[in-house]
Amino acid sequence: MTWFKRAAQDGAGTVCYGHSPLLASPTPVIRSRLLLAAVGLAFTGLVARAFYVQIWAEDFYQAQGEARYAATLELPASRGRIQDRHGSVLATSVATPSIWAIPPEVDRDPARRAELARLLKMTPAELDARLNGEGRFVWLRRQVDDETAQAVKKLALKGVHQEREYRRQYPEGEASAHVVGFTNLEDQGQEGIELAFQRHLQGKDGKREVLRDRMGRIVEDKNATVPALNGHDVQLSLDAKVQFFAYQSLREAVTEHKAKSGSAVVLDARTGEILALANYPSFDPGNRRNLSGNQLRNRAITDVFEPGSTMKPLVIAQALESRRVRPETVLNVAPRSISISGWHPTDVHPYGDLTVAGILQKSSNVGTVKLAMQMPAQELHEVFTGVGLGQRPQLEFPGAVSGRLRPHKSWRPIEQATMSFGYGLSASLLQLARAYTVFAHDGELMPITMTKRKPDDVVQGSRVFSSETARSVREMLQLAASEGGTAPKAQVLGYSVGGKSGTAHKNVEGGKGYVSNKYRSWFVGLAPISNPRIVVAVMVDEPSNGVYYGGAVAAPVFSKVVEQTLRQMAVPPDLDVHSQIVARNAHKGDAPVLESF
C-alpha cells in the first residue's frame, strides 16, 4: 500500500509531501555544487561575452552593424563643360545610370540571374564571377543606357541597385576629338583639353550619410548632407564651325589623294588664338573601343617633319632685313644647280636670272642657298629660333614638341644650305603656323593660346623683323600663290592670299636617307594680304594618287579653309571677284610651276 493510501485511511484529508520517500532520501552534495558551478560558469560566460562585445570589440561590432543599416552615398559632381569661343558645347556631362550589387544579398534564382546577365550584355558565368566576391559592393555595368536601366529596374532582382553617374558627351564628334580629348569611366581626363585642364574641369563630390532598412530603402539621413561642387567650364579659342570646315576639307583631300593622313592649323593673326586644329583620320571620343595610340595622336602638335620649301621665306626675310638684297635684286641661278661641299642642290626648272621676289615665287633652291650662304651660321640660327623653331610651344596642351634644330656651331656648309630649304631640321605644323605670324603681324612673332582671350587682353608679340621686311615678304608670298607661282590653287575668290608651298621627301625609318617615292605636302599662308586676319597651315602625309606637290595637294585645302573662315569671321572681301575670274580664265591651261625640293 502506498503512502497516499495510508494517508487517506488515516483520515488526514490532505496529502503530506513530507512523507515522500523520494524527498526524504538524502541528495549528494556534489550534485548541487555542480549545478551551482554550471550556473556560475554560464553567467560568467555571459558577462565575458558582454564585455567582449560591448567593450573589447565594440568598434568591430559597431562597424558590422552600421554596414547593414548605415551607408554613405556619394553625390557625384558634374564635370565642367568645354565650349568654343562662341559658347557652343564641345564636351558636357549628362547623368546616366550605373548598375551595382551587394553580392551576399543578390537573389540566387538562376533564371532571374540569367535574365540580368542578358540585359547587361554579359554571360551568366561573368555575372556569377562578379557576384561571388565577399565584399558588399560590386559594379555590374557602368553608364548603361536608359532603356537597359529601366529593364533592370523592372526585373526587381533583390540585391541589385542603380546609381547615377555622369558620362561625357562630345557633340562635335570626330571633328574636334584630338583637341577636346576624352575622359575615362572615373571622369578623369585622359587626352587633350580634358587632360590639360583636369583640375579646373573636375568638381568635388559630395556625400550623404543615410540609414537603410533591411530592404535597402533609405529611412532617414544620419548626418548633414555635404553638397557636390561642380567643376568649372573652359572656353577655348577654337571656333567650332572653322574646326569643322578644316576637318571636312582635310578629309576630302586625304581621300582624294589616297594619303596616309592630314593636319591643318588656323590661327588668328592678331591675337595668336588657335581657331582650328584638325587631323584626319580621327576618332569618336564617345566610342573609343579598339583605338590605338596612332589614332589618338594629335599630329599637328606632336609630330615633327622636315618642312621643305616653307622655310624659304624666313631666309629671304633675313636677307632683306640685313640689307644684303632688295626685292628687285637679281641673282643668277643658272644652270639649275650649285655646288656645296661636293653636293649639288638643284631646281626643278632652269631659270637663269631671278629677282629675290622671283626666287620665292618660283621656289628656287639655288637662289635660296645663295642667299643663305651669305649669312653666318649663327645669324641664320637666330632667325630660326626667333620664330620659335627648336623650342616647345608655350601652350596649354599635352604633347607639344620642340622639333629639331641643332646648335649653329655644329653646322657644316652643306647643312646650312639644306636647312635654307627645309631639310636637316624639323618642326610641327603648329610651329610653322606660328612662325608665319611674323609676316602676318608686321614682323612680330605672336604668342599662341588654346583658350579664348578676353577683349581687354593686350597681346604683345616679340620683334623678329621690321614692319617693312614683313610687308615685302607678304607681297612675295602673294606672288607665290598667284598665277606664275607654285600655288595658284591657294587663291580664294574675293580675298587676297599669300603663302608658300612645300614638298619634302620622307625619311627612311631610322632617320638615314630618304624614301624616293614618299612625300609630305605643305602649304602655309595668310589672308587677306592687305590686312592679315588669319594664318593657315596644311600638311598632307604621303599622297599617293599621282600628285604630291604642295601647291597641288595642300594649297586647295588652304583655299577652302580660308574662304570659309574669313566669311565666318565676317571679314569683308578685298578683291573684285569679277576681275579674279577673268584673270583665272586668262591663265587657264598654263603649265603649273613646280616647287623645288
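# Exercises on aromatic pairs, cores and helix packing

The model is predicted, so local features require pLDDT of at least 70 and side-chain atom pairs pLDDT 80 or more, whereas totals for chains, interfaces and linings use all residues. Residues are numbered from 1 along each chain as its sequence is written, and side-chain values use heavy atoms, leaving out hydrogens and water.

**Exercise 1.** Determine how the rings of W343 and F421 are arranged and where the two residues lie in the chain.

*Solution.* 
- Step 1. The structure contains 14 aromatic pairs; rings of Phe, Tyr and Trp (its six-membered ring) pair if their centres lie within 6.5 Å, and planes under 30 degrees apart are stacked, over 60 edge-to-face and the rest tilted.
- Step 2. The ring centres of W343 and F421 are 6.2 Å apart and the planes meet at 15°, so this pair is stacked.
- Step 3. The pair links distant parts of the chain, 78 residues apart: W343 is in the loop between strand 13 (330–332) and strand 14 (353–355), and F421 is in the loop between helix 18 (413–420) and helix 19 (429–435). Helices (H or I, at least four residues) and strands (E, at least two) are DSSP runs numbered from the N terminus.
- Step 4. F421 is buried, at 4% relative accessibility.
- Step 5. W343 and F421 form one aromatic cluster with Y423 and Y514.

**Exercise 2.** Classify the pair Y519 and Y548 and state the exposure of each residue.

*Solution.* 
- Step 1. With ring centres 3.9 Å apart and planes at 5°, Y519 and Y548 are stacked.
- Step 2. Y519 belongs to strand 18 (residues 514–527), while Y548 is in the loop between strand 19 (534–541) and helix 22 (550–553); the pair links distant parts of the chain, 29 residues apart.
- Step 3. Y519 has a relative accessible area of 9% and is buried, whereas Y548, at 24%, is partly exposed.

**Exercise 3.** Describe the largest nonpolar core and the contacts of F439.

*Solution.* 
- Step 1. A nonpolar core is a set of buried Ala, Val, Leu, Ile, Met, Phe, Trp, Tyr and Cys residues joined through side-chain atoms within 4.5 Å.
- Step 2. The largest such core has 89 residues, and I193, F384, F439 and M450 have the most contacts inside it.
- Step 3. Helix 14 (residues 312–321) supplies the largest share of this core, six residues.
- Step 4. Excluding residues up to four places away in sequence, F439 contacts (heavy atoms within 4.5 Å) P313, L314, A317, F465, A470, V473, R474, L477 and L526.
- Step 5. Another core, of 34 residues, lies apart from the largest one and includes A246, A276, V553 and A555.

**Exercise 4.** Identify the buried residues of helix 17 (residues 377–386) and the helices that they pack against.

*Solution.* 
- Step 1. The buried residues of helix 17 are A377, E379, L380, H381, V383 and F384.
- Step 2. These buried residues pack against helix 14, helix 16 (365–372) and helix 18.
- Step 3. Just after helix 17, G388 adopts a positive phi of about 95°.

**Exercise 5.** Locate A177 and list its contacts beyond four places in sequence.

*Solution.* 
- Step 1. A177 is in helix 8 (residues 177–180) and is buried, at 1% relative accessibility.
- Step 2. From C-alpha to C-alpha, A177 and D284 are 6.7 Å apart in space, although 107 residues separate them in sequence.
- Step 3. Apart from its neighbours within four places in sequence, A177 contacts S282, F283 and P285.

How values were computed: Buried means under 20% relative accessible area, exposed over 50%, partly exposed in between (1.4 Å probe, protein chains only).
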